[in-house]
Amino acid sequence: MTKKISTPIKRVDAGIKTGGAALYIGDILFEGLLYGKIVRSSRARAKIKGVKVPTLPEGYYYVDAKDIPAEGKNRIEMIKDDWPVFADKEVRFIGETIGLLVGPDRKELNRLRDEVKVEYEDLTPVFTIDEAEAVKGGPIHGDDNVYADYHLKKGDPDAAFANAARVIEDTVSTGYQEHIYMEPQGVVARMEDDGKLGVFFSGQCPFYVRHAVSATMGVPEEQVRVQQAVTGGAFGGKEHYPDVISTPLAVAAKKIGKPIGLFFDRVEDISFTPKRHPSVTRFKTALDADGNVIAMDIDVRLDAGAYESCSMVVLQRAIFSVNSVYNIPNVKIHGRAFATNNVPSDAYRGFGAPQGLFAMEAHMSHIARAIGADELELKRRHLLKQGDVTVTNGRIHEEVKLPEMLARIEEMSGYSKKLKEYTPGSWKGIGLSLFNHGSGFTGNGEQEIIKGVVKMRKRADGIVDLLVSNVEMGQGLQTTFRKIAAMVLRMPVDSVIYNDPNTDMVPDSGPTCASRSIAVVGYLVQEAAKKLKDRWDESDVVEVSHQYQPPEGVVPWDQESLQGDAYPSYGWGVNVIEVEVDPLTYEVTTKGIWAVHDVGVAIDEKVVEGQVDGGIIQALGYGSLEKLESKDGRFQQKTMADYTIPTSMDFPRIKSALVDNPYEFGPFGAKGAGELVFDGAAAAFADAVQMAIDGDIKQIPVTPEYIMEVRENAHS
Ligand code: MTE
Ligand code: MOS
C-alpha cells in the first residue's frame, strides 16, 4: 500500500477485461433462456387502432399491455411516469415498444415480428423545437409541449440593459450524440426459486431498475432482485433506459415462467435508445463602454423527445451551467425542455452541462470577435472567484484555481505565442475553453431524494466487504472505491471486496451518475471505513454503515424557486486545442490537445488520466465528427460506419495535468471528475477552427460541410 492516495495502482478489473474473462450480460449462461424481440412502432405519432399477431409456433409468445398484472401499471416509474411499458392507445415515436415476442430462435423472432400488423391512425407529428413550441398538430404533452419551464434571475438585468453601451445577440446550437458504449443494452429477467423476480442487467442504477419493475408489476420492491453484470460502458445511456427494457421483460418473465433475455444489436441500439438532448441557446448580452459584460438574457431550449424521462434535471443542469465559469453580475435565464415525436433524449455524460458550457464559451468568443477584444483577456476579467454569487444565488465556496491552471496550460501549450503567430484566417488556429462541473445531484437531490447509504463489513477472517449500489462501468470504481477503503483501514486493496451490486445484498447508495460515486458515495465509503477502523476489535464480525449528510456551510436549496447552492463543490478545467484546416476540403487536423483539471485530489492519477483521455476524445467526437440527424423522427445514421466516433488515429495524444485543491467533504479531498473531463473540448476545438477560418462557429458538430458554409457566408 502506497502512502499517497493519488499514486496509481494496477486497475482491479484490468485482468478480467483485457483477458476476456469478464462475464457481460450476454455471456452469462441461463438455463433454458428464451429471447425477446420488441415489436416497435413504425409511426412517429399515431393512434393504435389494432394489432394483429400471426399464429405463433409452439414455444413462442406475444406479450403486451394486457399482460401487465392488475395490481401493476402500464407505466415506467422513473422520475416521472409518462412513458408506458407497452404503447396501447397511441405511439409517440418511431421505435416505441408495442409488444414483445418471445421464443427460442432469434431468426424466427425476426420473421414473426415482421408479420405483426399494427393498424394506425396517423396524427400530425412534431419533429423540431420550433414545431413543438408552435404546438403543431395539437399538444403531445400537457397543453404546450413543455415538460419543464424554468426562470432564473440574478442582479437587475433590466436596469443593466437600459444602461448598455452595446447589445450583442447570438444563437448557438448543439446536436444529438449517441453513446456508443462498447456493449449495447442487455437485460435478462426470470422468476427465481424464492418467488422473486430476478433481473440481471448491464447498467448504472440497480435500484432504479428495482423501483421501476416493482411499480410495473405491482409487487413490493423487495420482491424484485436486481443484479448488475459487468458493464461495458454506459455514459448515462444506461441510467434510465434499462428501466424501459426491464419492465416489459419482467411482465413477460412472469407470464411465461422462463428466463428471457433482451440483447440489442448495434443498429437497434443506435436507432431506438435515447441520445444527448439537442439544444438551441439564444443570448442577448449587454456590454458597457469598456467592453465588460454587464448583463445577459439567455433562452435555452432542449429537444427532449417523446417522453420526459429525466429531461427536467438535464435542463436544470443546462441552465445552471450556461454562465460557465463567469461571474456575470446581472442575468436572466429562461429554460425549456420540449416534447417532440423524436426518440426520447436522456442522460449523457455531462447531463446538460456540455450544451450550456459550449453555448457560453462560443458566445464569449463571438463577443470578443465582435468588439475586437482579446478573448482570453475578456474571459479573465469575468472569472468566478471564491465567494462569488452563482446564477442560482448560491456561492462558490472553494478556492477557484483557474488563474493557476491558465498559467500551467500556457506553459504546456504555448497558447499565447501561437495565438500571435496564427492570424485569423491563416488556416491555423488555437482555441481555449474554460469550464466547471458541479459534483453530485443538483440542488437538494442527494439529501431529499437519494439519501445514500453505504455499508461495510469485517468478516471473521479480516476481509472487508464494501456494500454499495454503485457500479463499475469503465470509470474505475472497482479500483478507486477499494483504494479509499483500504487506505483508511491501512490494509491491502485486495482485502477489500466490492462485488457488482445485487439489490438484496447492498444498501441503496443511489445511482451511478452525476459524477457522484467518488464525490458523494466515496466520501461515505471513507467515513464508513473510519467507523469500521474504530470498531475493528469489537468482535469477529463488525458491520457499519454511513448515510449522506449535506456538507456544512452550503446555501440551502429551494427546489420551487431553484435558489441556493446548486452544487456544494465544482471540478474545474481548461482545455487548449490547436488545429489546421485544409483550405480546399475544409478537413480539420488536430495538432495538439492540452488539458489542466482541478478534481480536488485524484484518488488514482492513472484512473483520472484515463477519464481525461476518454472524456476529451468523446467530446471531440461530439464537437467535430458525430453527426446524428433525425429526419421525420428516424435517425439517418444506424451503424458505426455512418455514425463515426473518433479512433486513436483521429486525434493526437493528450497532454494533461492536475492541480490539487482538496475538498473538505470529498474522500481524501476528491471531487467529481467523470463528466468534467467531457465538458470543454468541443468549445476549445470550435474556438480553434473559428480562428483558423476567421468565421463564427455557432453549432456543433463542426463538420467540413459546416465550415464551408461559414466560410462562404463570412467571405462572400
Ligand atoms: N467512463 C467510462 N469508461 N465509462 C462510462 O460509462 N460514464 C461517465 C463517466 N466516465 C463513463 C465514464 C459518466 S456519464 C459519469 S456520470 C461518470 O463517469 C460517473 O463517474 P463516478 O463514478 O465518479 O460517479
Ligand atoms: Mo452520467 S450522464 O450522470 O450517467
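The following paragraphs cover the basis of the values, then the aromatic pairs, the ligand shell and two further residues.

This is a predicted model, in which local features need pLDDT of at least 70 and side-chain atom pairs count only at pLDDT 80 or more, while totals for chains, interfaces and linings use all residues. Residues are numbered from 1 along each chain as its sequence is written, chains are lettered from A and ligands numbered from 1 in the order in which they are written, and side-chain values use heavy atoms, with hydrogens and water left out.

**Aromatic rings**

The structure holds 16 aromatic pairs. Rings of Phe, Tyr and Trp (its six-membered ring) pair if their centres lie within 6.5 Å; planes under 30 degrees apart count as stacked, over 60 as edge-to-face and the rest as tilted. The ring centres of Y241 and F264 are 6.1 Å apart and the planes stand at 65 degrees, so this pair is edge-to-face. Because Y241 belongs to helix α6 (residues 241-256) and F264 to the loop between β12 (260-263) and α7 (266-272), the pair ties together parts that are 23 residues apart in sequence. Helices (H or I, at least four residues) and strands (E, at least two) are DSSP runs, numbered from the N terminus.

Y241 is buried at 3% relative accessibility, and F264 is buried at 6%. Buried means under 20% relative accessible area, exposed over 50%, and partly exposed in between (1.4 Å probe, protein chains only).

Another pair is formed by Y570 and W572: the centres are 5.9 Å apart and the planes at 50 degrees, so this pair is tilted. Y570 is buried at 10% relative accessibility and W572 at 0%. One aromatic cluster is made up of W83, F93 and Y307.

Lysines also meet rings. The charged end of K238 sits over the ring of Y181, 4.5 Å from its centre, and K284 lies over the face of F161 at 5.6 Å from the ring centre. A charge sits over a ring if NZ of Lys or CZ of Arg is within 6 Å of the ring centre and within 35 degrees of the ring normal.

**Ligand 1**

Around ligand 1 there are 18 residues, of which A234, F235, M473, S517 and Q611 come nearest; a residue is near if one of its heavy atoms lies within 4 Å. The shell divides into seven nonpolar, eight polar and three charged residues. Here Ala, Val, Leu, Ile, Met, Phe, Trp, Tyr, Cys and Pro count as nonpolar, Asp, Glu, Lys and Arg as charged, and the others, Gly among them, as polar. Helix α15 (residues 516-534) gives the largest share of the shell, three residues.

| Residue | Atom in the residue | Distance |
|---|---|---|
| A234 | backbone N or O atom | 2.8 Å |
| Q475 | polar side-chain atom | 2.9 Å |
| S517 | polar side-chain atom | 2.8 Å |

Taken alone, ligand 1 exposes 530 Å², and the protein buries 93% of that. Accessible areas come from the Shrake-Rupley method with a 1.4 Å probe; for residues, only the protein chains shown count as cover.

**Two further residues**

E178 is placed in the loop between β8 (166-174) and β9 (186-191) and is buried, with a relative accessible area of 1%. The side chains of E178 and K275 are joined by a polar contact of 2.6 Å. A polar contact is a pair of N or O atoms within 3.5 Å; within protein, one must be able to donate a hydrogen and the other to accept it, and residues adjacent in sequence count only if both atoms are side-chain atoms.

H597 is part of strand β22 (residues 588-598) and is buried at 0% relative accessibility.
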